[in-house]
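Hi,

Here is the structure I said I would pass on. Have a look at it first, and my notes come after.

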Amino acid sequence: MAIYNPKSLKAEEFINDQEILETLKYAEKNKNNVELIDTILEKARPVQTKTGAKCQGLTHREASVLLACEIPEKIEQMYKIAEEIKLAFYGNRIVLFAPLYLSNYCVNGCLYCPYHLKNKHIGRKKLTQEEVRQEVIALQDMGHKRLAIEAGEDPVHNPIEYILECIQTIYGVNHKNGAIRRVNVNIAATTVENYRKLKEAGIGTYILFQETYHKKSYLELHPTGPKHDYDYHTEAMDRAMEGGIDDVGLGVLFGLEMYKYEFAGLIMHAEHLEAVHGVGPHTISVPRVKHADDIDPTAFDNSISDEIFTKIAACIRLAVPYTGMIVSTRESEEVRQKLLQVGVSQVSGASRTSVGGYTEEDRPHDTEQFDVSDQRTLDEVVRWLMESGHIPSFCTACYREGRTGDRFMSLCKSGQILNCCHPNALMTLTEYLEDYASEQTKEIGYQMIEKELQRIPNDKVRCIAKQNIEDIKNSNRRDFRF
Ligand code: SAM
């Protein structure tokens, strides 16, 4: 039997079934142990030091106790601390992005995904480079600066060379004042050599959802194709790091397996990356299974309520305080609003999950990966964020300034966010307001910028930010950053 070892590079040792089962037992036994719960909450709380707020995070066992706890008053405390952590390390900024589907050709047999090989009636499409350009122009015309590219796994239709060519095309499009400044990549697990090529192509985060950490279920849910190999999939982030990518994004597809099992696995995966590579995941995504072409989400009997989903997000925030958390348009406006209060730091906006969807007038469904719940325009999402006190940020400065991996984490931990990320958010928001926003959004936006500029502690930084904002308003100069 495999023995739990977070430093091991073997999937069954760092995501250890026995350890997860014992964690769940421990959590169940202590779910009403108020004394222990209070100690864990105390440990999770940010503490003020001379150099700003600090957080220790929680172990998978501690975080699992919180997730198991059903005492309303304690859950309220978790939410409050989650919000405090978010504000301490990420401020009130919310980063915006959009997915870009390149190809839905796929050789896998994933039971929850309509792109599975046996689906013969879904339209198959792969963008040509000219079509990539057109999609990128459409995304730039909305105001997007950051994309996550998505593709099925198909070595013939979507080899790594195709993905690399698309990345080059995307970075090469400069339409009016537009630019895509960060391309994150969500493609199937691959080799160290291919990860190195992605790194050289200048990608931001490499994102790969584990789907489920439960090996037996994983094998059943991925009956055919290369993705069937649980170990290869689970060890992908280690290969990505070996290939030089130090920003990696984890995620579980909630609804496939028991959420408590998945949660413990997810936190163990984060602990493993920290233990082996000295840096945890850059982001964690929290997708839930959705209806799609030939997929009925009720066929999976582990669906979770919005309340549990919110609790999961809050517990992730407490466990890994420095990791960004992403919620997509799979979720409704109402759910996204709730999640923003418990620590989400990134949302997608105006997403289309079909291949070539952005160049169509009406939302196409023929090649779509799943139904999108939040169908608002980017302008509506930007306005909504500001109306609830969040600064929409189109910033991509960190990775372009080499602040990736542990250097990004150091920035996060150093308390310099108000002198760095905050002005960057305000400057990129100004770009959005000048180039793409409706009059109503512009008005709210400039009021917010005026107010938020006052919160920059360093006089010199505040002065430069103000000057740059004036330059953006009065000229075509763009892309200022700290
Ligand atoms: N083919 C790659 C892979 O296997 O990782 C790329 C990712 S796929 C385009 C993006 C993600 O969409 C998957 O990892 C999965 O979690 C999610 N997904 C698939 N089917 C879904 C569904 N019916 N509802 C919600 N999310 C789904």
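First, the ground rules. This is a predicted model, so local features need pLDDT of at least 70 and side-chain atom pairs count only at pLDDT 80 or more, while totals for chains, interfaces and linings use all residues. Residues are numbered from 1 along each chain as its sequence is written, and side-chain values use heavy atoms, with hydrogens and water left out.

**Cavities**

Searching the whole structure gives 3 cavities of 30 Å³ or more. A cavity here is a set of points, on a 1 Å grid over the protein atoms alone, where a 1.4 Å probe fits but cannot get out; a pocket is an open set with protein on both sides within 12 Å along at least five of seven lines, and lining residues have an atom within 4 Å of a point. Grid points are joined across faces, edges and corners, and a volume is the space filled by probe spheres set on the points.

The largest cavity holds about 260 Å³. It is lined by 20 residues, and Tyr90, Val95, Arg146, His282 and Phe408 are the closest to its centre. Two or more lining residues come from each of helix H5 (72-90), strand S3 (93-103) and helix H16 (397-400); these are DSSP runs numbered from the N terminus, with helices being H or I of at least four residues and strands E of at least two. H16 has the largest share, at 3 residues. By class, that lining has 10 nonpolar, 7 polar and 3 charged residues (Ala, Val, Leu, Ile, Met, Phe, Trp, Tyr, Cys and Pro count as nonpolar, Asp, Glu, Lys and Arg as charged, and the others, Gly among them, as polar).

Of its 20 lining residues, Glu274, Ala319, Val320, Pro321 and Tyr322 are the closest to the centre. Helix H12 (259-277) and H17 each give two or more residues to the lining, with H12 giving the most, 4 residues.

**Salt bridges**

The count is 32 salt bridges, taking one as a side-chain nitrogen of Lys or Arg within 4 Å of a carboxyl oxygen of Asp or Glu.

Arg407 and Asp246 form one of them, at 3.0 Å from N to O. Arg407 sits in helix H17 (residues 405-414) and Asp246 in the loop between helix H11 (236-242) and strand S7 (248-251), so the pair ties together parts that are 161 residues apart in sequence. Asp246 is buried, at 17% relative accessible area, whereas Arg407 is partly exposed at 44% (buried is under 20%, exposed over 50%, partly exposed in between, with a 1.4 Å probe and protein chains only).

Arg481 has a salt bridge with Glu401, where the closest N and O atoms are 2.7 Å apart. Glu401 is in the loop between H16 and H17 and Arg481 in the segment after helix H20 (459-474), so this pair links parts 80 residues apart in sequence. Arg481 also meets Asp479, at 3.4 Å from N to O. Asp479 is partly exposed, with 27% relative accessibility. Through shared partners, salt bridges join Arg181, Arg400, Glu401, Glu431, Asp479 and Arg481 into one network.

Cheers
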